[in-house]
Amino acid sequence: MSNLLDVKGLNVTFPTVDGEVRASVDLNFELNRGETLAIVGESGSGKSVSSLAIMGLHNRAQTLISGEVILHGSKGSTELISASEETVRGLRGKEMAMIFQDPMSSLHPYYSIGAQISEAWAIHNDGSKRDGMKRAIQMLDLVEIPSAAKRAHEFPHQFSGGMRQRAMIAMALVNNPSLLIADEPTTALDVTVQAQVLQLLQNMQKEFNMGVILITHDLGVVAEFADRVNVMYAGKIVETAGVEDLYYRSMHPYTIGLLRSIPRVDQIDNHRLDAIKGAPPSLINLPIACSFAPRCEYSSLVPGGLCNQSQPELEQKEAEHFARCFLPAERIAEVRS
Ligand SMILES: Nc1ncnc2c1ncn2[C@@H]1O[C@H](COP(=O)(O)OP(=O)(O)OP(=O)(O)O)[C@@H](O)[C@H]1O
Ligand SMILES: [Mg+2]
């Protein structure tokens, strides 16, 4: 698998009247072609903000962004943070694309689905309207919209939620991008449709050999679709590992807490969700200590009150497995079990 994306020391900060909101702090990760990297974490942990920064979708005048995002596209490598808006615009929709929870944020209510996909194609290709519509129908076919040639002329409100999501995927993939970021792509759909849309995404990924960043709250989805996982907490990656390592050998108390909060079918009788107690810290004036320490059940196991005094680094705990926690790997293994 070849390297597609390198994120190095990415920071995203919003200056506000109350102070600087540090929404992403020193993010470092990589993505290969054909690979699915999941990003999980509670609401407000910085999943969307980081992804929007990769796609160049923040308002540059109101956002402080530093670090590097290097996209190794089909025509060479580009560092996106220092690149001009024009360069980024040339890559967005072509080499990289993003889909969102709400398809109506990407689809215009007044134009037919086919016209919109055709337009997304025309931005990056020379060709007639007819060529564009042909391509749109081909894409609608690919995402399994029945009677694609007919339905291409319909409007978003004539599509069901699941079909709108498919249409948005068709539009995102019309130029065969190498990177797709899917931000909670199925959260608004019912469970059966959700599974179908995720399966479709996986098929598309194989077809186009895309690198996919999948943002989700659903750890079940992660287990089924992701190769690797970044767990985010208060703007930082607190753990990163292959999906099996993360599930079976979690190295961060936050991840352990998230996994404990998954409902399990075999515990339906005395069902109790062990949601993590407490709330994440304010992203303004983040503590210098570990941001999770106030909620952590295990910080007392670390000698000298270290967790409340300094910030743990993202440290290698096992091969390809990193966590931002002072607890030694052996101690974590004990608490996990
Ligand atoms: N334009 C902005 N100005 C100030 N703060 C912002 C801005 N955009 C986002 N934030 C803050 O940045 C933090 C991270 O937000 P983000 O949308 O990335 O969270 P998330 O992990 O995607 O959450 P969710 O799971 O709810 O989608 C939040 O605290 C949010 O309030
Ligand atoms: Mg989000």
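Analyst: In this predicted model, the C-alpha centres of domain 1 and domain 2 lie 29 Å apart. Domain 1 covers residues 3-226 and domain 2 covers 240-336. Their contact takes 16 residues from domain 1 and 11 residues from domain 2. On the side of domain 1 that touches domain 2, the elements giving two or more residues are β2 and α8 (219-225). Of these, β2 gives the most, with 6 residues.

In soluble globular proteins, nonpolar side chains tend to be buried together. The largest nonpolar core here has 90 residues, and I117, L140, A170 and A172 touch the most other members. Helix α6 (residues 161-172) gives the most to this core, with 7 residues. Both domain 1 (3-226) and domain 2 (240-336) give residues to the core, so it lies between them.

Leaving aside its neighbours within four places in sequence, I117 is in contact with A136, M139, A170, M171 and V174. A170, one of these partners, is also among the core residues that touch the most other members. I117 belongs to the buried residues of helix α3, which are I113, G114, Q116, I117, S118, A120 and W121. Because 7 of the 10 residues of α3 (residues 113-122) are buried, the helix is largely enclosed by the rest of the structure. What covers those buried residues includes α4 (129-142), α5 (148-151) and α6.

Now for strand β9, residues 228-233, where 6 of 6 residues are buried. Which residues lie on each of its faces? R228, N230 and M232 are on one side, with V229, V231 and Y233 on the other, and both faces are covered. Strand β9 also has pairing partners. Strand β3 (residues 36-40) runs parallel to β9 and is joined to it by 4 bridges, with A38 of β3 having V229 as its bridge partner in β9. Strand β10 (residues 236-242), in contrast, runs antiparallel to β9, and 6 bridges join the two. One of the residues in that pairing is Y233, whose bridge partner in β10 is K236. The hairpin of β9 and β10 has 2 residues between the strands, and A234 in it takes a positive phi near 45°.

Along with β1 (3-16) and α1 (47-54), β2 (19-32) gives two or more residues to the shell around ligand 1. That shell has 13 residues, and A23, S43, K47, S48 and V49 come nearest to the ligand. Helix α1 gives the most to the shell, with 3 residues. The shell divides into 5 nonpolar, 7 polar and 1 charged. When you turn the model, β2 is a handy strand to follow: it gives residues to the shell around ligand 1, and it also gives the most to the side of domain 1 that touches domain 2.

Notes
Residues numbered from 1 in each chain as written. Chains lettered and ligands numbered in written order. Predicted model: local features only at pLDDT ≥ 70, side-chain atom pairs only at ≥ 80, totals over all residues. Buried ≥ 20, exposed ≤ 12 C-beta atoms within 10 Å, placed from the backbone. Pairing = 2+ DSSP bridges. Core = buried A, V, L, I, M, F, W, Y, C linked by C-beta atoms within 7 Å. Domains from an automatic or database assignment. Contact = placed C-beta atoms within 7 Å. Near = placed C-beta within 6 Å. Nonpolar A, V, L, I, M, F, W, Y, C, P; charged D, E, K, R; others polar.
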